Amino acid sequence: MDLGDGGYRMKAWILRSLRKGIVTTKFPAGKNEAVSPWSTIPVYRSGDRNPYCPSSAIKDGSVTHGSCISCGMCFPNFEPSMDVHTSQSGKVIRELGKSIKIYAIDSGSCGACNLEIMSLSSPQYDGTRLGITFTNTPRQADALMISGVLTEGMREALLRAYDSMAEPRAVFATGACAISGGILGKSVSTILNTDVIVPGCPPDPFVIIDSIQKLRGRQ
Ligand code: SF4
Ligand code: SF4
């Protein structure tokens, strides 16, 4: 049988997929096999306890998680912790344990946080296996996931999105810009109470998944 060009391409594609096997992570069960080092918050290793830090995140050997912009300038005194459990949730909403719908909104980001958030829908992380899905309307959302510094142009949009959400609801500040304003701007917490902070610049998808699990009380 003549498969033609398209047929051969399809066959090659199927064989490649079979060779690769299942790429989806088992995280939070199992280990976080593909974490990118500098997306995790650094920890002190040796030498100077107060090296230069452009975001003033370092004080006497410890790092303020929400301010670190992952620039790596503190290396080798500090090294990536490889810890994906650095997020904090001030709220637990157990009703969201089986299903959580997220409305992601960019209040003034460089785009990298958005890419990491979107990757939760990729085959590698597959948020649906944990009941994590995205919606394009805040009216259907359980959580507002904000990335970027607070910009004047997005101030009203953020408040309107939050006001249109039903209770119970939660606000995520995703990435150093949203949490602390980074080195450029203002934190989104100047206009909204943030329930969950997700450190990193940008946060690794494992850190984002871990933060969602904390909000749902599944940790
Ligand atoms: S990686 Fe950069 S921003 Fe983070 S603590 Fe080190 S010097 Fe500061
Ligand atoms: S936290 Fe870092 S990656 Fe995220 S928007 Fe700010 S500069 Fe970009």
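1. The chain is assigned two domains, domain 1 (37-80) and domain 2 (88-215); such bounds come from an automatic or database domain assignment. Please keep in mind that this is a predicted model, where local features need pLDDT of at least 70 and side-chain atom pairs count only at pLDDT 80 or more, while totals for chains, interfaces and linings use all residues. Residues are numbered from 1 along each chain as its sequence is written, with chains lettered from A and ligands numbered from 1 in the order in which they are written.

2. The C-alpha centres of the two domains are 24 Å apart. Domain 1 brings 11 residues to the contact and domain 2 brings 12 (contact: C-beta atoms, placed from the backbone, within 7 Å).

3. Around ligand 1 there are 15 residues, and Cys53, Cys68, Cys71, Met73 and Cys74 come nearest (near: a C-beta atom, placed from the backbone, within 6 Å of the molecule).

4. Ligand 2 has 13 residues around it, with Ser109, Cys113, Gly175, Cys177 and Cys201 nearest. Helix H2 (112-118), strand E8 (143-148) and helix H4 (176-180) each give two or more residues to this shell (DSSP runs, helices being H or I of at least four residues and strands E of at least two, numbered from the N terminus).

5. Do look at helix H5 (residues 205-215): 10 of its 11 residues are buried, so the helix is largely enclosed by the rest of the structure (buried: 20 or more other C-beta atoms within 10 Å of the residue's own, all placed from the backbone). Its buried residues, including Phe206 and Leu215, pack against several elements, among them H2 and strand E6 (100-108).

Methods: Two residues are in contact if their C-beta atoms, placed from the backbone, lie within 7 Å. A residue is buried if 20 or more other C-beta atoms lie within 10 Å of its own, exposed if 12 or fewer, and partly exposed in between; C-beta atoms are placed from the backbone.
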